[in-house]
Amino acid sequence: METSMLEAHYGKIWIEGNIICGTFSQNVVINLNVAKDMVKDRLMLSEGKPYLILVEIDKIKAVENKARSYFASTEGTRQLIAAALIANSYLSRIIGNFFLTFNKPLIPTRLFTDREEARQWLRQYAID
């Protein structure tokens, strides 16, 4: 299986089967411009095909309100089926819970501490 990977200033994204995976650079602050870059890069990598997404958010320092709103919007969730966020630090769990509670993403989205548990949860949304 060939894996495509894209690296940017905010982190990196790649495809594993039917899941787009992502990690962030250390102490990244996500503003609206960064959020739009991330979605543009994800759409380019996915080549118009819908995917599940698994993102490790532990290295994020902050996510600005406009960026959170964008990620939860129709445009921010375009070509996504469901999202699993991996949060193992206290700060990342706060960021993740804040996003889920106040921004209410338009796709099924859950916070996890275990990568395999997150993958298992995503499998229920897989399309052939």
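User: How many helices and strands does the protein have?

Analyst: This is a predicted model, and the answers below refer to it. From the N terminus on, the elements run β-β-β-β-α-β-β-α-β-α-β-α. The protein therefore has four helices and eight strands, as assigned by DSSP runs.

User: What is the radius of gyration of the protein, and what does the globule rule give for 128 residues?

Analyst: The C-alpha trace spans about 35 × 25 × 25 Å along its principal axes. For 128 residues the globule rule gives 14 Å, and the computed value is close to that, so the protein is as compact as a globular protein of that length. The radius of gyration is 13 Å, against 14 Å from the rule.

User: What share of the contacts with a separation of 6 or more comes from residues 24 or more positions apart?

Analyst: Buried residues make up 47% of the 128 residues. Among contacts with a separation of 6 or more, those between residues 24 or more positions apart account for 77%.

User: Are helices α1 and α2 roughly parallel or roughly antiparallel to each other?

Analyst: Helix α1 covers residues 32–46 and helix α2 residues 65–72; their axes come within 8 Å and cross at roughly 25°. Angles under 35 degrees count as roughly parallel. The two helices, α1 and α2, are therefore roughly parallel.

User: Which elements do the buried residues of α2 pack against?

Analyst: The buried residues of α2 are Ala67, Arg68, Tyr70, Phe71 and Ala72. Of these, Ala67, Tyr70 and Phe71 also take part in the contact with α1. The elements that the buried residues of α2 pack against are β4 (28–30), α1, β6 (60–63) and α3.

User: Which element gives the largest share of the largest nonpolar core?

Analyst: This core has 32 residues, and the members that touch the most others are Phe24, Ile30, Met38, Ile57, Ile60 and Phe71. Met38 of α1 and Phe71 of α2 are also part of the contact between those helices. The largest share of the core is six residues, and they come from α1.

User: Which residues beyond four places in sequence is isoleucine 60 in contact with?

Analyst: Ile60 is one of the core members that touch the most others, as are Phe24 and Ile30. Leaving aside neighbours within four places in sequence, isoleucine 60 is in contact with Phe24, Val28, Ile30, Leu91 and Ile95.

User: How many residues does the second, separate core have?

Analyst: Its members include Trp14, Ala84, Ile86 and Ala118. This second core is separate and has 13 residues.

User: How far apart are the C-alpha atoms of serine 25 and tyrosine 10?

Analyst: Serine 25 lies in the loop between β3 (19–24) and β4, and is partly exposed at a relative accessible area of 25%. Not counting residues up to four places away in sequence, serine 25 touches Ala8, His9, Tyr10, Gly11 and Lys59. Serine 25 and tyrosine 10 are 15 residues apart along the chain, and their C-alpha atoms are separated by 5.4 Å.

User: What is the relative accessibility of glutamate 47?

Analyst: Glutamate 47 lies in the loop between α1 and β5 (51–56). Its phi is near 50°, a positive value in a residue other than glycine. Glutamate 47 counts as exposed, because its relative accessibility is 72%.

User: What is the phi of glutamine 79?

Analyst: Glutamine 79 is found in the loop between α2 and β7 (80–86). With a relative accessible area of 28%, glutamine 79 is partly exposed. Although glutamine 79 is not a glycine, its phi is positive, at about 65°.

Definitions and conventions: Residues numbered from 1 in each chain as written. Predicted model: local features only at pLDDT ≥ 70, side-chain atom pairs only at ≥ 80, totals over all residues. Heavy atoms only, no water. Axes fitted to C-alpha atoms, helices over the stretch in contact; angles between N-to-C directions. Parallel < 35°, antiparallel > 145°, perpendicular 65-115°, else oblique. Contact = heavy atoms within 4.5 Å. Core = buried A, V, L, I, M, F, W, Y, C linked by side-chain atoms within 4.5 Å. Buried < 20%, exposed > 50% of the residue type's maximum accessible area, 1.4 Å probe, protein only. Rg over C-alpha atoms; globule rule 2.2 N^0.38 Å.
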